[in-house]
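Hi everyone, thanks for coming.

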Amino acid sequence: MLVINKMLVPVDLRWVHVAHDSDVPPQDNETTMITQVTSESYVRITARPGQSFVVSKQSPREQSRSSSVFRYPGELAVAIISAEAKGLAVASRDQDELKIALSEIAQNCGDSSKDEQSFTECFKQNAVSFPPALALWWFQLLWTSVSHWLHCVHLPDSVSIRQVDLELDDGTGKNRSVKAQIFREDPLVLGISGLATPQECQQLIDSQDLKEANLNMAFISGGSHSKSRRTLTKNLYPNMQAPQSILAKLQKRFFQAARGASGYELWPEGQEPVNWLHYKPGYEYRPHCDGGCGMDPVPSGMRVASSLLYCNVAEQGGSTIFTQDTTKFTPARGDFLFFAYKSDPDYMSMHAACPVLRGIKSTATQWYREGVSKDYTWEDVADLGLRRSSEL
């Protein structure tokens with residue numbers, strides 16, 4: 001963790017060596033001196049998540065001391081000490097908050113981004129809250145590259161190449177014709193505005209009890225957590241014997257749209273569960289493939305396409321991008337995005353969920369396989385989607 005002193009006077013940094021959950025500074029005998037942080041400088045400290053520290057400064061007359069407590073949130077984090085009317089204050093930023101703050105700095109340099117040197121100079125000039133060289137290193141660590149940040153934050157959404165008509169269940173057992181927008185022909189990327197209503201999305205959230213407290217942090221291959229897949233998740237299992245349930249209705253609609261868009265033989269039986277992904281501010285899913293990127297064609301039984309139903313959308317950020325070109329989709333609530341990779345020798349289906357910068361985002365993800373059935377399910381195919389990603 002980095003502790004930055006923005007004040008014009010030095011401060012003492014102490015470790016709280018007893019259990020301390022209060023924001024009230026502890027007694028001196030409950031702390032151990034670590035170091036003095038000189039004016040307008042910084043120090044690095046090693047800590048355990050949740051560990052408490054106290055910073056303090058002496059008043060000019062040495063008669064009283066102003067103190068403030070902060071805790072290490074884990075991972076990459078920064079504590080910024082600044083002056084306030086009553087003495088001092090500490091603002092602690094975790095990895096996700098830091099990612100958002102760095103994006104705000106970079107937005108001042110969007111027009112300089114075509115020249116890496118110009119962008120670097122502009123970024124350092126605007127990184128007034130952090131040591132400039134460290135801020136640039138953090139930016140590269142948390143955003144992976146200037147080009148990835150540009151795609152997520154600075155570049156406009158893709159425009160529709162053409163539209164097609166698809167027939168979908170309207171939720172009452174009747175079909176309705178909807179307009180689908182094609183953003184890329186090969187491999188296909190297609191969007192449908194309002195595939196689900198806001199009310200249907202809320203019914204799904206309520207019926208599956210999709211509160212944040214009931215979701216788990218997503219894992220990567222090997223069972224660990226990673227900066228690459230920073231999202232909360234839960235698998236949802238449609239009950240095919242209860243076709244009137246909201247999850248079963250929506251899944252039926254997913255497969256209708258997928259068949260109509262792709263022409264593939266895609267049916268609900270034997271498929272993977274719907275995967276709910278929830279993104280808080282700073283959360284993201286870095287560039288990855290859902291299926292066999294580089295394969296032509298994908299063998300029977302493996303994933304050939306994916307779709308996303310966006311049931312909560314971010315106020316800022318949270319776009320879905322395809323990283324091998326400039327394809328980008330920023331959804332409204334209830335929108336549906338479908339993309340295929342049955343034949344994808346050039347890795348064009350590699351995509352990312354951009355960091356949420358403000359608000360939350362939630363998606364119901366469906367992966368599609370040809371060749372599976374009630375008697376030969378996705379679990380009988382030992383491929384796990386052949387996911388390839390920039391897992392760190």
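Let's start with a helix and its surroundings. The buried residues of H5 are covered by, among others, strand E14 (232-236), helix H6 (246-262), strand E15 (274-279), strand E17 (303-312) and strand E24 (361-369). Before we go on, keep in mind that this is a predicted model.

So which residues of helix H5 are buried? Helix H5 covers residues 198-207, and there Glu200, Cys201, Leu204 and Ile205 are buried. If you look down the axis of H5, these buried residues fall within an arc of 140°, so they line one face of the helix. Here is a handy idea for your notes: an α-helix has 3.6 residues a turn, so residues three or four places apart point the same way. On the other side of H5, Gln199 and Asp206 are exposed. After H5 comes Asp209, and its phi is positive, near 55°.

Now let's move to a sheet. It is an open one, built from five strands in the order E13-E16-E22-E19-E20, with antiparallel pairing. Which strands stand at the edges? They are strand E13 (229-230) and strand E20 (328-329); each has a single partner strand, so one side of each is left without a neighbour in the sheet. Helix H4 (residues 146-154) packs on this sheet, where it touches E16, strand E19 (320-322), E20 and E22. The direction of H4 makes about 135° with that of E19.

Let's zoom in on one pair of strands. E16 and strand E22 (residues 351-353) run antiparallel and are joined by two bridges. His288, for example, has His351 in E22 as its bridge partner.

Strand E16 spans residues 284-288, and Glu284 is part of it. Is Glu284 buried or exposed? Its relative accessibility is 1%, so Glu284 counts as buried. The side chain of Glu284 makes a polar contact with the side chain of Lys99, at 2.7 Å. Glu284 also touches residues from several other places in the sequence, including Leu142, His148, Lys227, Tyr279 and Pro355.

One last stop: the loop between E16 and E17, which is where you find Cys293. With 2% relative accessibility, Cys293 counts as buried too. How far apart are Cys293 and Tyr341? In sequence they are 48 residues apart, while in space their C-alpha atoms are 7.2 Å apart.

That's my tour, and I'm happy to take questions.

Note on methods:
Residues numbered from 1 in each chain as written. Predicted model: local features only at pLDDT ≥ 70, side-chain atom pairs only at ≥ 80, totals over all residues. Heavy atoms only, no water. Helix = DSSP H or I, 4+ residues; strand = E, 2+ residues; numbered from the N terminus. Buried < 20%, exposed > 50% of the residue type's maximum accessible area, 1.4 Å probe, protein only. Polar contact = N/O pair within 3.5 Å; in protein donor to acceptor, adjacent residues only side chain to side chain. Contact = heavy atoms within 4.5 Å. Arc of directions from axis to C-beta. Pairing = 2+ DSSP bridges. Axes fitted to C-alpha atoms, helices over the stretch in contact; angles between N-to-C directions.
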